[in-house]
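Please open the structure in your viewer and keep the selection tool at hand.

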Amino acid sequence: MRKIDLTNFQVATSETARQINRRIALSIIRRSQPMSRADLARRSGMQRSTVSAIVEQLIDEGWVTEGASGPSTRGRRPRLLHLNVERAGIVAVDIRPETTRVALAGIDARFVMQAGWPTPSSPEAFAKTLAGTVESFRAAHQDIVFEGVGVSLPGRVNDEGELVFAPNLGWGQVNLRRLLESEIGLPLALENAASACALAELWFGRHPENVRNLVAVTVSEGIGVGLLLNGQLVRGGGAMAGEFGHVVIDDRGAPCACGRRGCWEQFASNQAAVRHFLGRNAARKHSGRRAGRSLQFTDILALADSGDRRAVATLERMAHYLGLGISALVTGLAPQVLVIVGEVTAAWSRVGPIIIETVSSRTLPGTSTAIVPTDAGTQPRLRGAVTLVVQEHFGAPNVA
Ligand SMILES: [Zn+2]
């Protein structure tokens, strides 16, 4: 019996065996394409007749195509199965407090087109704006079948689709899934951005295939943590697991949007860096930025690149505090891999060594967690949103 590692086992158990077999077949084809039906039967352990029926259905639905012939051992050369990456369109949405990015992607997380706009202050206005963008994507790509929408957001969503905690977004407790589905008319999956990024690493990351314990730390306006332990996404009571960004590390620290003071994200987030950079002279606008635009974290990255000592010191301090929090994650959870997502990874040559040194000097001897930055070029938060839809169809990333 092949071991199946479904990331959401509770959903899978309520499905019929045929649907589970379909997911397994799709996952194996995705990993091992091109492959023959005989290979698929061998690898899945399914009967040839079962494989044939599933493959026919997958070809009918357009998920799989039969392409060039492969080598034959004797007689007829088998036609090989490929995933039809062109066919399925996924709308990926990355909500951040200031801006929202929306992309149309294939099931291989390749982006076809993108849009971005300032995040509206109410969820209702957000739903209408997003529906308009999806409509424009549909109009531009009438050949693509829109399978669903994946939304990654800076907060936590419960099983019912209600926003239960999003202090940096300020939308209150709204049933976001119901609101967005009714406005857009497509199936929709919502997840915390860090959890979505952790799933994306399992699906699309370049890690050893046996990675089952992975932590993603998203560093943005706040800090989010996504936990994949024993191959499962950890959601916790009330879907609140992973809120390490709101662990208080200094009672006298700056006030936080969550209502406490001195949370980890008040020391190590982008916003914390901006506040530290401006320091006591916050009232004094940074020179050259009087045109109504306030200083952004990316400005600090650029200033550090040009040798600004204050910007360099700000990033070094941020790296130190990132390392402090990460050392707790590494000691407590022993992940095989810890990925860092966010603009700060662009300065990895500066911040990476400080983070790694801070962690290694505060963790147990023999700790082997690999601490790696994600490649900002892959747009990891959007890729996380793609994964939310991909896993609904494939659902068994570690098969084969
Ligand atoms: Zn907090």
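Select proline 373 and display its surroundings. Leaving aside neighbours within four places in sequence, proline 373 is in contact with Ile340, Thr345, Trp348 and Gly352; two residues are in contact if their C-beta atoms, placed from the backbone, lie within 7 Å. Isoleucine 340 and proline 373 are 33 residues apart in sequence, yet 4.8 Å apart in space, C-alpha to C-alpha. A residue is buried if 20 or more other C-beta atoms lie within 10 Å of its own, exposed if 12 or fewer, and partly exposed in between, with C-beta atoms placed from the backbone.

Two remarks on the model are needed here. Residues are numbered from 1 along each chain as its sequence is written. This is a predicted model, in which local features need pLDDT of at least 70 and side-chain atom pairs count only at pLDDT 80 or more, while totals for chains, interfaces and linings use all residues.

**The sheet that holds proline 373**

Proline 373 lies in strand 14. Helices (H or I, at least four residues) and strands (E, at least two) are DSSP runs, numbered from the N terminus. Now select the 5 strands that form an open sheet in the order 12-11-10-13-14, with mixed pairing. Strand 12 (232–233) and strand 14 (370–373) are its edge strands, each of which pairs on one side only. Two strands pair if DSSP finds at least two bridges between them.

**The nonpolar core**

Select alanine 198. Leaving aside neighbours within four places in sequence, this residue is in contact with Leu214, Val215, Ala216, Gly226, Leu227, Leu228 and Leu233. Which residues touch the most other members of the largest nonpolar core? Of its 101 residues, they are Ala198, Val217 and Met318. A nonpolar core is a set of buried Ala, Val, Leu, Ile, Met, Phe, Trp, Tyr and Cys residues joined through C-beta atoms within 7 Å. Helix 11 (residues 309–333) gives the most to this core, with 9 residues.

Move to another open sheet, whose 5 strands stand in the order 5-4-3-6-9, with mixed pairing. Its edge strands are strand 5 (111–118) and strand 9, each pairing on one side only. Strand 4 and strand 5 run antiparallel and are joined by 7 bridges; alanine 103 has glutamine 114 in strand 5 as its bridge partner. Strand 3 (residues 88–95) pairs in the parallel sense with strand 6 (residues 145–153) over 7 bridges, and valine 91 stands opposite valine 149 in strand 6. Strand 6 also pairs in the parallel sense with strand 9 (residues 188–192), over 5 bridges. There, serine 152 stands opposite glutamate 191 in strand 9.

**Helix 13**

Select residues 380–393, which form helix 13. Its 14 residues reach 20 Å from the first C-alpha to the last, close to the 20 Å expected at 1.5 Å a residue; the expected span is 1.5 Å times one less than the number of residues. Of these 14 residues, 12 are buried, so helix 13 is largely enclosed by the rest of the structure. What covers the buried residues includes strand 3, strand 4 (99–105), strand 6, strand 9, helix 7 and strand 13.

**Helix 9**

Finally, select helix 9 (residues 270–278), where Asn270, Ala272, Ala273 and Phe277 are buried. They lie on the same side of helix 9, because they cover an arc of only 160° around the axis; the arc is that of the directions from the helix axis to the C-beta atoms. Their cover includes strand 10, helix 8 (265–268), helix 10 (297–305) and helix 11. Glycine 279 follows helix 9, and its phi is positive, near 55°.
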